[in-house]
Amino acid sequence: MIYPKDHPRKTRQRPKFAPYRPGEPATTDQITMLPLIKFSDLDLLNPRIEHASRVLIETVEANLRGIPTGCVLAGPHGVGKTTLATAAVWHAGARVPWLVDEEDGRLDWSLASPVAQYIKANELINKLLDPKNDYEIDWQERGIPFTVIDDVGLEQTIQFMKDPATELQRRYYQVLDYAAEGAGHGLILTTNRSIDPAANALRAMLGEANWSRILKLCPKGSLIDLNGLPDRRVASSGR
Ligand SMILES: Nc1ncnc2c1ncn2[C@@H]1O[C@H](COP(=O)(O)OP(=O)(O)OP(=O)(O)O)[C@@H](O)[C@H]1O
Ligand SMILES: [Mg+2]
């Protein structure tokens, strides 16, 4: 890893509409991105969270070795899905410019750009994959080692379509078929839909063709269910 030990942890506000082009050094108006989170910053005391972090690290490393690999982090609000997935993005490495005008030549972490990609499901489905956009999924070709799609299942209803549920499946199919059957591209999905085998709401939402592609990408043990863990937002508010 290329993080200096004592760099400050930064949380950045996500400006509206700022483009985020993974794999390229960020320019000032693209400092949209992700809060800088490392696994070593996190509380991994809970064995299920620790297990999730290990699966994520294995997933990242498989993709860096060129093996398209996926995992799913499912669970209720506040258990830490976005936080863990963000740490996975940074774990893949980042491009960080030097502060050339400073004597000690420190790295300028405020301009760091992770090599892996983070997208909110709603942005992917409702903006990028809107047919009038002509968006091409060329992530692997652009050298992005894998993509996190955060909050699958929290997409807004697709507008102006007769059958939004089928259209949602069709848009996910473009991504999942590209990832599992086309170029080969690792995906880390987070969702608050259940992935319990008895009542798999994620599978019901995405449909069988998509679910089959998820299973192809995700090795055994990489569908992680964090159901039953506490909501950290509630805990941190002192309730
Ligand atoms: N392992 C952890 N160590 C320390 N803090 C954590 C950890 N996991 C989560 N948090 C903190 O808990 C809060 C909620 O986490 P997070 O946003 O990742 O939850 P989530 O599962 O993505 O929730 P949602 O489904 O609502 O998006 C955040 O403020 C985050 O900083
Ligand atoms: Mg989240």
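**A close-up tour of the model**

Of the 239 residues of the protein, 34% count as buried. What you see is a predicted model, and the legends below walk through it view by view.

**View 1. The protein is built from seven helices and seven strands.** Starting at the N terminus, the elements follow the order α-β-α-β-β-β-α-β-α-β-α-α-β-α. If you look at contacts between residues at least 6 apart in sequence, 76% of them join residues at least 24 apart.

**View 2. Helix α1 spans residues 47-64.** Its 18 residues reach 26 Å from the first C-alpha to the last, close to the 26 Å expected at 1.5 Å a residue. Here I49, A52, V55, L56, T59, V60 and N63 are buried. They lie on the same side of α1, because they cover an arc of only 140 degrees around its axis. After the helix comes G66, and its phi is positive, near 90 degrees.

**View 3. The largest nonpolar core brings together 52 residues.** Within this core, the residues with the most contacts are V72, L73, A88, V89, I188 and I224. Take I224 as a place to start exploring: setting aside neighbours within four places in sequence, I224 is in contact with A52, V55, C71, V72, L73 and A74. As a general background, nonpolar side chains tend to be buried together in soluble globular proteins.

**View 4. Ligand 1 is surrounded by 14 residues.** The closest of them are H77, G80, T82, T83 and R232. Two helices, α2 (81-91) and α7 (232-236), each supply at least two residues of this shell. The largest share comes from α2, with three residues. Sorted by class, the shell around ligand 1 holds three nonpolar, six polar and five charged residues.

**View 5. Helix α6, residues 208-217, has buried residues at N210, R213, I214 and L217.** These four sit on the same side of α6, because they cover an arc of only 105 degrees around the axis. Their packing partners are β1 (71-74), α4 (164-180), β6 (186-191) and α5 (201-206).

**View 6. A204 has its place in helix α5.** Is this residue buried or exposed? A204 counts as exposed, because it has 12 C-beta neighbours inside 10 Å, and a residue with 12 or fewer falls in that class. Look across to S194 as well: A204 and S194 are ten residues apart in sequence, and their C-alpha atoms are 9.8 Å apart in space.

View 7. For comparison, most residues other than glycine have a negative phi. Where do they sit? D134 is in the loop between α3 (121-128) and β5, while F160 belongs to the loop between β5 and α4. D134 counts as exposed because it has 6 C-beta neighbours inside 10 Å. F160 is exposed too, with 7 other C-beta atoms within 10 Å.

Notes: Residues are numbered from 1 along each chain as its sequence is written. Chains are lettered from A and ligands numbered from 1 in the order in which they are written. This is a predicted model: local features need pLDDT of at least 70, side-chain atom pairs count only at pLDDT 80 or more; totals for chains, interfaces and linings use all residues. A residue is buried if 20 or more other C-beta atoms lie within 10 Å of its own, exposed if 12 or fewer, and partly exposed in between; C-beta atoms are placed from the backbone. The arc is that of the directions from the helix axis to the C-beta atoms. Two residues are in contact if their C-beta atoms, placed from the backbone, lie within 7 Å. A residue is near a molecule or strand if its C-beta atom, placed from the backbone, lies within 6 Å of it. Ala, Val, Leu, Ile, Met, Phe, Trp, Tyr, Cys and Pro count as nonpolar, Asp, Glu, Lys and Arg as charged, and the others, Gly among them, as polar. The expected span of a helix is 1.5 Å times one less than its number of residues. A nonpolar core is a set of buried Ala, Val, Leu, Ile, Met, Phe, Trp, Tyr and Cys residues joined through C-beta atoms within 7 Å.
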